[in-house]
Amino acid sequence: MPIDPQAAAFLQDLASSGSKLIHYLPPAEARLATLSSKERRGKPEAVARIRYEFIPGPTADLPILIYEPLESTGGNLLPGLVYFHGGGWVLNNITLLDSVSRAICNQTGCKLVAVNYQKAPEHKFPIPFDDCYASTEWVFEHADDLGIDRNRIGVIGDSAGGNLAAAVALKARDVAGPNIAYQVLIYPALQYGWDTPSAIANATGYFLERDAMKCYWNHYVREPSDGANPYCSPLAATDHSGLPPALVVSAEFDPLCDDGKYYSDKLQQSGVPVKFSFYEGQIHGFLSMAGILNAAQTLFDEIGSEVRLNLNVRKPV
């Protein structure tokens with residue numbers, strides 16, 4: 001299918017600007033450049049309330065934002081989602097991704113806890129992963145205080161955040177940790193390397209590029225051998241059975257397209273209920289482009305319906 005016209009217009013505008021793609025800038029410069037992309041994320045939705053906290057992590061206190069949906073039912077416990085944002089383990093933070101968190105919160109009817117894990121290359125694997133796993137444990141331990149039903153807590157992440165969400169689910173299974181009820185993996189990076197057919201076919205010209213993923217992975221790992229660790233590369237796990245049911249999303253014009261498809265196949269072959277959703281004509285990162293791409297709202301709607309179905313959340317009448 002041809003590329004979505006709105007995505008094509010975005011890529012054309014990007015090319016016409018003559019500016020260097022953010023993915024190739026040094027981390028400090030790239031982080032500053034992300035501040036200029038706020039408008040394309042769309043107007044933030046109203047939510048019932050937001051709470052900002054610091055929680056203890058393995059090596060540092062971690063900022064989190066706790067979102068309550070507009071349809072909050074007062075004293076009743078709500079299902080919960082722990083959200084790990086994308087950005088190649090290097091970029092973004094929970095404030096920059098506020099509009100995404102708000103939309104997921106309202107669409108799913110869940111209380112959402114957005115985690116500001118520490119970033120590479122200053123903090124390489126396993127530090128960002130350890131932060132995310134510890135944050136998930138904290139949400140389960142404090143579920144009553146948060147007004148969350150600990151029997152209905154899922155993890156969700158996009159891109160590098162999808163990697164972290166999948167890895168958290170793997171470890172929780174391996175160590176009999178938190179009983180994660182569902183996982184949503186949005187165009188996730190799930191294996192160290194950049195030689196899949198989709199990485200080669202979509203190597204340049206579609207915003208996220210193959211060489212950029214090589215940079216991000218090498219920012220994240222301490223050495224290539226880390227890539228064999230399933231908590232770094234969830235596709236490297238030898239066993240994918242017993243994992244939470246999943247929604248896995250891939251975009252057609254994305255170097256990471258095959259990562260999502262391969263992982264969905266692994267889950268299905270291991271007896272894990274999974275829905276694989278393939279977004280034709282789309283590019284990597286489109287969830288955080290609701291201000292310019294209609295497909296972002298389509299994906300928010302799908303996430304909402306699948307999470308509600310799997311975490312038993314009623315839609316408001």
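This is a predicted model: local features need pLDDT of at least 70, side-chain atom pairs count only at pLDDT 80 or more; totals for chains, interfaces and linings use all residues.
The rings of Phe129 and Tyr231 are stacked, with 5.2 Å from centre to centre and 20° between their planes. The term "stacked" applies because the planes are under 30 degrees apart. Where in the chain do Phe129 and Tyr231 lie? Phe129 belongs to helix H4, which covers residues 127-141. Tyr231 is in the loop that runs between helix H8 (210-220) and strand E7 (246-253). The pair therefore links distant parts of the chain, as the two residues are 102 residues apart. Both Phe129 and Tyr231 are buried.

These two residues also take part in a wider arrangement. One aromatic cluster is formed by Trp89, Phe125, Phe129, Tyr133, Tyr192, Trp194, Trp217, Tyr220 and Tyr231.

I turn next to charges placed over rings. Tyr133, a member of that cluster, has the charged end of Lys171 over its ring, 4.6 Å from the ring centre. In another case, Lys119 lies over the face of Tyr117, and the distance to the ring centre is 4.3 Å.

My last topic is Ser159. This residue is located in the loop between strand E5 (148-158) and helix H6 (160-174). Is Ser159 buried or exposed? Ser159 counts as buried because its relative accessible area is 8%, and the limit for that term is under 20%. Which residues does Ser159 touch, leaving aside those up to four places away in sequence? They are Gly86, Ile186, Tyr187, Pro188, Ala189, Leu256 and His284.

Thank you for your attention.

Technical notes
Residues are numbered from 1 along each chain as its sequence is written. Side-chain values use heavy atoms; hydrogens and water are left out. Rings of Phe, Tyr and Trp (its six-membered ring) pair if their centres lie within 6.5 Å; planes under 30 degrees apart count as stacked, over 60 as edge-to-face and the rest as tilted. Helices (H or I, at least four residues) and strands (E, at least two) are DSSP runs, numbered from the N terminus. Buried means under 20% relative accessible area, exposed over 50%, partly exposed in between (1.4 Å probe, protein chains only). A charge sits over a ring if NZ of Lys or CZ of Arg is within 6 Å of the ring centre and within 35 degrees of the ring normal. Contact means heavy atoms within 4.5 Å.
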